[in-house]
Amino acid sequence: MDFAFTDEQQMIRDTAESFLSEVSTSEAVRAAMATERGYDSALWERVCQEMFWQAIHIPEEHGGMGLGYVELVAMLEQMGRYLFCSPFFSTVCLGVNALLVAGSEEQRAQYLPEIVAGKTATLAYAAANGGWGSDAVTATCAADGEGYRIDGSYRYVTDGHTAELLMVAARADCTAGDEGISLFVLPADTPGITRTWLPTMDQTRKQAELVFDGVTVGGDALMGEAGRAWPQLARVLDLARVAVAADQVGGAQQSLDITVDYLQERVQFGRVIASYQAVKHKAADMMLKVEAGRSALYYAACVADEALQGGSLGEGLVEAASIAKAYCSDAYFFNAGCGIQLHGGVGFTSEYDIQLYFKRAKSTETFLGDASWHRERIARQLLDGEAVA
Amino acid sequence: MKLSFSPEDEQFREEVASWLADNLSGEFECVKGRGGPGDEHHLVEERKAWERKLHEGGWTCIGWPKEYGGRGASIEQQVIFNEEYARAGGPGRIGHIGETLAGPTIIAFGSDAQKQKYLPGILRGEEFWCQGYSEPSAGSDLANVKTKAVFEKTDEEGAGTWRISGQKVWTSLAHESEFCFVIARTDPQSVAHKGLGFFLVRMDQPGVTVRPIEQLTGTSEFNEVFFDEAECDASDIVGAPGEGWKVAMGLLGFERGVSTLGQQMLFQNEFDAIVKLAKANGAAQNPALRQRIAEAHIGLRIMRYNSMRMLSGGEDGSLQKEAMIYKLYWATWHRNLGKLAMDVMGQESEILEGAPYELGRLQSMYLFTRSDTIYGGTNQIQRNIIAERALGMPREPRG
């Protein structure tokens with residue numbers, strides 16, 4: 001047992017930290033988030049060509065780096081710390097994961113090299129306010145000649161208005177719950193798709209609404225087996241939850257760090273306010289949250305890694321993802337909220353960055369299930385004896 | 001990162017588990033799950049006999065170096081032993097203080113004569129120890145000890161006797177122990193952590209009086225110990241007079257949390273009892289309680305992952321951030337579990353098992369957890385330590 005980063009994993013983390021501290025400054029984040037696209041295309045190109053981050057856990061046979069989920073999580077934690085505005089999460093944590101879990105050999109061979117080359121992707125499955133489980137899938141699909149016809153709408157689609165490749169879930173008519181769900185992969189410019197950017201409270205991560213009106217795709221767009229894709233989709237969502245938790249741990253850490261920096265500078269009643277015990281104790285509570293969250297995250301990362309490699313630990317993905325997502329959601333919100341309070345008046349201004357973390361904390365908390373959603377999922381396993389996917 | 005244990009360690013786990021299954025039965029069936037916080041005063045003779053049984057199997061002091069009779073077990077093996085011990089329902093270890101505190105201190109700082117005199121008794125499960133640190137005016141402010149040690153020289157070679165006078169408090173198992181390690185002031189003019197000595201004191205002598213403290217649970221795990229010119233030979237001070245603080249602080253660094261995973265198995269047993277009760281009495285259908293039960297489960301799982309990080313860290317474990325939060329984390333979690341247990345019991349939580357004050361298991365746990373956030377450094381002290389040592393915030397002013 002060695003539950004610590006290897007030297008190589010530490011190096012990946014350190015490289016991400018030093019690169020992001022240069023390119024994802026407060027000014028850069030604010031410039032990117034003010035655009036509809038939400039990121040700087042030139043910077044994304046640099047990330048893909050110089051850093052090769054988009055290829056991190058794509059297998060080497062498809063031109064990727066072939067690294068694991070722990071390495072991915074180490075990098076995501078730094079992206080969360082620096083509020084990195086990019087299509088990395090949507091492309092790698094939704095798109096690549098979906099192809100790895102549900103894609104056929106042909107689909108992987110076609111699309112993974114395209115992503116390695118810089119193409120962006122995302123996943124759409126949930127309708128408006130329908131929760132984050134299988135019931136959220138309301139778009140429908142029906143056989144249409146050799147292929148399928150897809151109708152319906154999707155909301156909360158990360159980078160849905162800019163992604164070049166879409167993976168979408170739809171269900172057969174008259175089905176409900178986990179039954180009847182299929183997954184498809186298709187180019188975003190397929191006729192019949194209307195994509196609308198949705199302005200969001202957290203401007204550092206963009207969301208869109210997608211409306212499918214009589215969209216037809218060939219049989220080769222189907223991922224996995226028709227009508228039986230929910231277990232695979234659920235697995236992709238749990239992998240994505242671990243990725244969100246990584247972003248949250250990074251953000252919770254930075255909320256603490258920038259707050260402590262401010263406390264060490266600000267003088268009131270003739271002393272730095274960091275010297276007041278009421279303030280110190282709040283900061284200590286923030287550190288407890290982020291360290292406990294990090295322990296949950298790293299465990300979930302190891303489980304996610306085995307889930308993708310087929311190891312036995314992977315069977316615990318549902319629980320590990322819910323534990324990490326529930327705890328880290330609360331921890332990030334707690335730290336960012338306390339951060340505003342401890343900053344005092346300036347915490348309420350747009351000038352100081354703590355407000356950006358506060359907003360990102362809420363959007364990551366909501367996305368893919370908030371803490372109480374995940375606690376209820378755990379409660380069903382514990383108290384109702386249900387196997388939950 | 002690697003979460004699995006090596007095949008050798010898994011074999012070690014099987015060895016531990018099968019020895020416990022074979023031996024924690026028959027005459028020892030009665031001690032299963034007994035002792036430990038809230039139950040420390042029960043079945044003491046049987047649990048002492050169990051310590052000797054453990055020694056027969058070579059299962060005391062496994063983390064000690066082989067030259068002192070231990071197994072020189074790795075951190076992983078110590079973790080495995082503690083996990084299997086708790087899983088098998090092994091009773092609270094009466095030998096715990098000798099094995100994890102007194103022994104390692106003597107090994108690290110003691111003289112050869114002290115090692116020969118004291119280590120075998122600890123190893124064999126025949127001699128038990130208690131801890132003489134806290135005093136009525138030295139709780140969180142441990143350096144404020146008032147207990148005095150005065151030296152009476154009998155020859156020019158340095159032979160003689162220390163006479164110790166003062167009062168210690170919160171001493172668990174004092175009346176069951178052969179020895180106590182005591183911090184006392186060797187220099188009467190000194191203040192704070194200077195001028196202290198670390199003494200190995202025999203309990204069975206006229207100058208030592210033990211008086212139980214009745215707790216809010218109605219039971220008495222803790223004691224007051226009064227020293228009235230208690231004798232301690234010159235050869236029984238660890239380190240030099242005046243160096244007692246250094247020895248005492250060194251002692252705090254020894255544990256490194258290997259017993260934490262065993263402690264978590266006990267917590268798991270308590271949690272499982274709450275889940276079972278919730279399913280039986282309908283509390284499992286209450287949405288608010290479902291959230292809290294899940295939250296407790298999440299908290300306990302994370303406690304385990306956090307310990308695994310602690311144990312995988314570098315040699316100087318005390319400076320790791322995940323180690324610095326640990327006491328605050330588990331104490332707060334356990335206190336919340338106590339309250340959850342009562343809320344799951346509902347109206348029945350008030351009704352005792354008998355008169356005059358016979359608490360049920362969960363009721364006892366609930367009341368006892370109020371001490372978790374106090375002993376071993378209160379939550380408030382823990383927050384000071386985290387803010388000052390981990391976050392670099394200014395230290396509290398000292399009077």
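Analyst: In chain B, domain 1 brings 10 residues into contact with eight residues of domain 3, where contact requires C-beta atoms, placed from the backbone, within 7 Å of each other. By class, domain 1 of chain B contributes five nonpolar, three polar and two charged residues to its side of this contact. Here Ala, Val, Leu, Ile, Met, Phe, Trp, Tyr, Cys and Pro count as nonpolar, Asp, Glu, Lys and Arg as charged, and the others, Gly among them, as polar. The C-alpha centres of these two domains of chain B are 23 Å apart.

This is a predicted model, in which local features need pLDDT of at least 70 and side-chain atom pairs count only at pLDDT 80 or more, while totals for chains, interfaces and linings use all residues. Residues are numbered from 1 along each chain as its sequence is written, and chains are lettered from A and ligands numbered from 1 in the order in which they are written.

The division of chain B is into domain 1 (7-94), domain 2 (129-242) and domain 3 (260-390), with bounds that come from an automatic or database domain assignment. UniProt, in an unreviewed entry, lists "domain: Acyl-CoA oxidase/dehydrogenase middle" for residues 130-228 of chain B. UniProt positions are given in the numbering used here, feature names are shortened, and annotations may be inferred rather than shown by experiment. Residues 130-228 of chain B are 44% strand and 0% helix, with end C-alpha atoms 18 Å apart. Helices (H or I, at least four residues) and strands (E, at least two) are DSSP runs, numbered from the N terminus.

Next, the helix packing in chain B. The axes of α7(B) and α8(B) are 10 Å apart, and the packing angle is about 165 degrees. At that angle, α7(B) is therefore roughly antiparallel to α8(B). Axes are lines fitted to C-alpha atoms, for helices over the stretch in contact, and angles run from 0 to 180 degrees between N-to-C directions. Angles under 35 degrees count as roughly parallel, over 145 as roughly antiparallel, 65 to 115 as roughly perpendicular and the rest as oblique. The crossing of α7(B) and α8(B) is left-handed, a term for a near helix turned anticlockwise from the far one by less than a right angle, with right-handed used if clockwise. Among the residues making the contact are B:Phe267, B:Phe271 and B:Val275 of α7(B), and B:Ile293, B:Leu300 and B:Met303 of α8(B). The classes in the contact of α7(B) with α8(B) are 10 nonpolar, five polar and one charged residues.

The contact between the chains takes 35 residues from chain A and 39 from chain B. On the chain B side, α7 (260-281), α8 (287-312), α9 (321-324), α10 (326-345) and α12 (379-390) each supply at least two residues. Of these, α8(B) gives the most, with 14 residues. By class, the side of chain B that touches chain A has 21 nonpolar, 11 charged and seven polar residues.

Chain A is assigned domain 1 (7-119), domain 2 (122-223) and domain 3 (230-383). The C-alpha centres of domain 1 and domain 2 of chain A lie 23 Å apart. Their contact takes 19 residues from domain 1 and 16 residues from domain 2. On the domain 1 side, α2 (26-33), α5 (88-102) and α6 (105-116) of chain A give two or more residues each. The largest share, six residues, comes from α5(A). That side of domain 1 of chain A has 10 nonpolar, six polar and three charged residues.

α5(A) also packs against helix α7 (residues 230-265) of chain A, where the axes come within 9 Å and cross at roughly 145 degrees. This crossing is right-handed. Residues of α5(A) including A:Phe89, A:Leu94 and A:Val101 meet residues of α7(A) including A:Arg235, A:Val236 and A:Leu239. By class, the contact of α5(A) with α7(A) has 10 nonpolar, two polar and one charged residues.

Further along chain A, helix α9 (residues 317-343) and helix α10 (residues 354-366) pack at about 155 degrees, with axes 9 Å apart. α9(A) is therefore roughly antiparallel to α10(A). The crossing of α9(A) and α10(A) is left-handed, and eight nonpolar, six polar and two charged residues make up their contact.

Key: Two residues are in contact if their C-beta atoms, placed from the backbone, lie within 7 Å.
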